[in-house]
Amino acid sequence: MAKLDLREWLDDIEKMGELKTLTDVHWELELGCITEMLSLRDETPAVVFDKVKDYPQGFRVLVNTLGSTKRRASILGIPASENSLELVQAWRDKMKNMKLIPPQVVSDGPVMENVLEGKDIDLLKFPVPRWHPLDGGRYLGTGSLTITRDPEDGWVNLGTYRVMVHNENTLGFYISPGKHGRIHREKCQAMGVPCKVAISFGHHPRFFMVSQMTLPHRLQEYDFIGGLTEKPVEVIEGEFSGLPIPALSEIAIEGEASFDDQLVEGPFGEFTGYYGSGSRKEPIIKVNRLMYRDNPIILGSPPVKPPAEISRSASIVNSAIIWDEMEKAGVPDIKGVWCYPEAASRLFTVVAIKQRYPGHARQAGLVATGCNASAYLGRYVVVVDEDVDPTNLAEVIWVMSSRSDPAASIDIIRRFWSSPLDPIIKQGEPAMASRAIIDATRPYEWMKDFPAINAFPHSDIEAAEKKWGKLLFG
């Protein structure tokens, strides 16, 4: 597998014809508008912004790294396919055959080409964008890795959490309740010990993709990335924080969370397509050390209204992990799982099963909505029969409206884990919301007597297309 160097990856995708460079774009909204334009369409190039307005050549911003099927597949290390379920199955196979490889500590790396401390630290020397029209400030962290350590047992977590720049050496530190980085921070506060933090702002997109995955509790992302890459991730131990930082990072900081000094963070346009969490005072990070490579690159991935770059990649990963977790929980004969990118890859999940016993469909729906990979910020789970392609929304809507009876087929679970990013939750209220499980399968009791479908078998349609399709459709 390739070295985890962002610059080598950019060279590779440029040879594939999947990289463009734009110059003289303004960091104030123009860069964000172009990024949204790219993200809302699939199969679009990654873009490097150089000579950003007010900044010198070489201080760059990279966006839309996950914006094509070919790039998503290559980052995951699986074959590219136009069939969504084939991608999901390929990722499941990849995870099953992967061996975890712990990171390797090295004494030096490109990230240390420039090291600044104290009064020399200036985060605004980088072309930090203001991404969305109503954002409350400039966000350096959208495709970033926030690195924290559990103060009780020492395990390290990587998470992508939004990071706002307050001033030259102060960052906003917002994390949704229940996320591992938030739990680490709260433990430190409760124990009265400093919460040391490191953040990487530019890196190979594999780091970014894995940092968004819902992995089993205490499975460390560095080990997972090492297994995916088939070689250990090289990390340096931060001089201030002691935390492992990617040696090939483009830009990284070390700092300490301050619970006493809080500043207003947000609003920020989020992956649900809304400014769901508003703005409020949040803990800050005082930056003690800034490291960066010559000609550094910010990895930007601002959330936009779905379907978008992030939700399309997350749909593959979330679907595969939910499928695996359902099987581990004992749900048999699952034929497919799909988390719709149009619903931010979390809010609308469809599970296809072959019914084997009474209550099988309800079991599938309950596990699909409550397993680790889908517990956070879900909304609807629809269970369908095996003759339905869960990735085909037209088929899903058809069986929802023809095989389910609202009074008998919908179960509601209340007070489930959500997020302040959820637009249906009023600001300041607890981050809990209800879930709906919709049983859109044929009723098990009279499944065999359910009316036959008025359609030719798929095999007959495929044969007719092969024989007549070219003449009819060109």
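Residues are numbered from 1 along each chain as its sequence is written. Because the model is predicted, local features need pLDDT of at least 70 and side-chain atom pairs count only at pLDDT 80 or more, while totals for chains, interfaces and linings use all residues, and side-chain values use heavy atoms, with hydrogens and water left out.

Begin by selecting residues 334-339 and 410-417, which are the edge strands β17 and β20, each pairing on one side only. They belong to an open sheet of 5 strands in the order β17-β18-β19-β21-β20, with mixed pairing. Strands here are DSSP runs of E of at least two residues, helices are runs of H or I of at least four, and both are numbered from the N terminus; two strands pair if DSSP finds at least two bridges between them. From one strand to the next, the twist averages 15 degrees.

Now select residues 309-328, helix α8, which lies across β17 and β18 (348-353) and runs at about 140 degrees to β17. Axes are lines fitted to C-alpha atoms, for helices over the stretch in contact (heavy atoms within 4.5 Å), and angles run from 0 to 180 degrees between N-to-C directions.

**Strand β15 and its partners**

Select residues 280-292, strand β15, together with β5 (residues 114-117); 4 bridges join these antiparallel strands. Asn 114 stands opposite Tyr 292. Strand β10 (residues 170-172) is also antiparallel to β15, through 3 bridges, and Thr 170 stands opposite Lys 286. With β14 (residues 251-265), β15 forms an antiparallel pair over 12 bridges; there, Val 264 stands opposite Lys 281.

**The second largest pocket**

A pocket is an open set of points on a 1 Å grid over the protein atoms alone, where a 1.4 Å probe fits, with protein on both sides within 12 Å along at least five of seven lines; lining residues have an atom within 4 Å of a point. The volume is about 330 Å³, taken as the space filled by probe spheres set on the points, which are joined across faces, edges and corners. Of the 15 lining residues, Met 95, Pro 216, Phe 224, Asp 324 and Lys 328 are the closest to the centre. Helix α8 supplies the largest share of the lining, 5 residues.
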